[in-house]
Amino acid sequence: MLTIATGNRAVADAVKAAKPGVIAAYPITPQTEIVEQIAEYVTGGNLESRYIPVESEHSAMAACIGASAGGVRTFTATSSHGLLYMHEMVHWAAGARLPIVMANVNRALGPGWNTWAEHTDAFSQRDTGWLQVFVGTVQEAYDATLMAFKIAEDERVLLPVMVNLDGFALSHITQSLDTVEIGDFLPPFHLPHAIDTENPLGYGPMTGPADYFRFRWDIERSMRDSRGVITEVEREFAERFGRSYGPTEDYRCEDADVVVVAIGTLGKEAEVAIDRLRDEGIKAGSMRLRWFRPFPDLDLAGRDVVVIDRDYSFGFGGVVAHSLKSKTGIEPYSVIAGLGGQEVTYNDIADFVKNRRPGTETWFGVSDHV
Amino acid sequence: MYEIRIHSRGGQGGVTAAKLLALAAFRDGKHATACPFYGAERRGAPVVSFVRIDDEPIKVYSQIHEPDLVIVLDTSIMDVVNVLDGLKADGTVLLNSAHPVAGCNGTCRHVDLTGIALAQNLVVSGSPILNTPVLGALAKMGIVTLPSVEQAIREMFSDERNVKVARAAYEELKI
């Protein structure tokens with residue numbers, strides 16, 4: 001059905017369609033509308049699910065781990081400090097190979113207290129074994145959440161998936177949303193190692209140096225296999241529902257001399273900048289990075305690259321810029337912009353392209369750095 | 001692309017007005033986005049919402065710095081906020097006021113949305129509802145159509161008085 005909705009509402013509606021058996025969540029700005037809306041669906045009889053209003057995010061993820069291990073589809077949502085508070089359990093969910101889906105509404109970390117968009121919260125969970133996808137529109141928030149369940153639950157993956165959407169910039173914007181009848185797009189939940197009370201087994205016991213690494217390798221093997229699964233699921237989604245997605249969303253890249261790489265809403269805003277630059281005769285394109293884990297192969301050879309990082313790794317650099325450099329060998333022009341919701345317009349992005357100095361880093365709005 | 005900035009105070013319904021306007025434009029077959037700018041929200045504090053309407057999909061997420069139309073739901077804000085900031089040279093201003101307001105350049109229109117809401121006793125938590133009547137005024141200005149306004153209001157509210165006040169504002173606004 002075609003309507004308009006916020007990014008948060010789109011996530012809640014996708015969860016309603018996916019019908020998880022257990023939802024455990026703690027509200028936090030700017031994620032709150034997701035869990036409020038889901039709670040309304042549950043109490044109103046529109047979603048048959050056990051909604052557990054836990055006392056903290058650590059408990060939210062712990063409850064999801066228990067429920068998922070018990071053999072039911074499980075969802076939670078959080079943001080920023082909430083995500084950090086559940087960090088220990090985030091590792092555990094992946095290690096226990098539980099296909100939990102979590103929406104993370106990207107928000108900066110305090111202090112100073114700030115509820116606006118930034119990606120440092122998600123990137124701080126980079127090495128947990130979760131798949132991470134970043135969306136750029138309300139429609140994509142819906143579609144990616146639906147696909148996340150199918151990707152996570154595939155037996156070649158069996159890893160949790162984090163769906164990231166920019167705080168306020170996407171969580172609270174109202175855009176068009178086409179909800180779908182999912183039919184049998186999501187098969188019934190089946191966890192091969194689900195707890196079976198008829199056949200009790202021990203899980204997560206002491207695992208010594210002779211064996212532990214095998215479990216870690218198995219996570220990585222599944223992470224590598226997930227690339228193919230993601231492609232399959234996105235292709236099936238396109239065939240069923242007519243909307244195509246890939247590891248990146250490329251815009252006017254074919255003949256581009258310079259490509260802007262960005263994530264989330266800045267990646268969409270970049271497309272407007274590209275149109276302006278093209279009007280001025282500058283052959284520019286943009287590449288919106290959708291999947292961050294597994295990190296995709298990027299075809300950028302022979303072009304200048306401008307990376308916008310809405311994040312920072314102190315003492316090192318922009319996380320996306322350095323990931324891209326490590327993967328492609330390209331020295332990008334690294335722009336740190338949009339931290340804590342800093343206003344970045346398409347005109348600013350066009351300026352980044354025009355003033356690019358590959359191999360250097362610039363903090364947008366900071367004048368005294370070298 | 002037509003860009004609209006709505007000034008109001010927290011609790012006056014500016015954010016909902018933006019959503020309603022986007023929905024009405026969407027029902028007109030246009031692309032539309034509504035985007036509140038959230039600061040430290042509290043009742044009575046000046047807040048800003050943005051609406052974009054276009055024939056093409058809208059990819060802009062940043063704030064509106066050069067609006068085509070500025071809507072002011074509470075003219076007392078004009079003492080503390082420069083509501084005309086960045087208004088295009090051929091831009092328009094719509095004020096919730098029974099009378100013309102001094103210092104308003106551009107094409108300035110006014111309509112007594114508060115009076116219209118009070119006439120229908122459309123008051124919630126002590127505040128007259130402004131977000132549904134303002135949609136009627138916007139229909140009169142040709143931003144959206146009146147049938148789409150009525151449809152959008154009915155999709156979001158069950159109280160039929162909301163449609164009545166939109167029609168009343170449509171009638172009262174002088175073009």
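**Notebook: chains A and B**

I read chain B along its sequence and noted the pattern β-α-β-β-β-β-β-α-β-β-α-α-α. I took helices (H or I, at least four residues) and strands (E, at least two) as DSSP runs, numbered from the N terminus. I recorded 5 helices and 8 strands in chain B. I then looked up the radius of gyration of chain B, which is 15 Å, close to the 16 Å that the globule rule gives for 175 residues, so chain B is as compact as a globular protein of that length. The radius is taken over C-alpha atoms, and the globule rule is 2.2 Å times the number of residues to the power 0.38.

I kept in mind that this is a predicted model, in which local features need pLDDT of at least 70, side-chain atom pairs count only at pLDDT 80 or more, and totals for chains, interfaces and linings use all residues. Residues are numbered from 1 along each chain as its sequence is written, while chains are lettered from A and ligands numbered from 1 in the order in which they are written.

**Helix α4 of chain B**

I asked which residues of helix α4 (residues 146-156) of chain B are buried. They are V149(B), E150(B), A152(B) and I153(B). Seen down the axis of α4(B), these buried residues fall within an arc of 165°, so they line one face of the helix. A residue is buried if 20 or more other C-beta atoms lie within 10 Å of its own, with C-beta atoms placed from the backbone; the arc is that of the directions from the helix axis to the C-beta atoms. I found that the buried residues of α4(B) pack against α1 (14-27), α3 (133-140) and α5 (161-172) of chain B.

**Helix α1 of chain A**

I noted that 10 of the 12 residues of α1(A) are buried, so this helix is largely enclosed by the rest of the structure. The buried residues include G7(A), R9(A), D13(A) and A18(A). Just after α1(A), K19(A) takes a positive phi of about 50°.

**Domains of chain A**

I looked up the domain assignment, automatic or from a database, which gives domain 1 (2-241) and domain 2 (248-363) of chain A. The contact takes 26 residues from domain 1 of chain A and 20 residues from domain 2 of chain A, where two residues are in contact if their C-beta atoms lie within 7 Å. I recorded that α8(A) gives the most to the side of domain 1 of chain A that touches domain 2 of chain A, with 5 residues.
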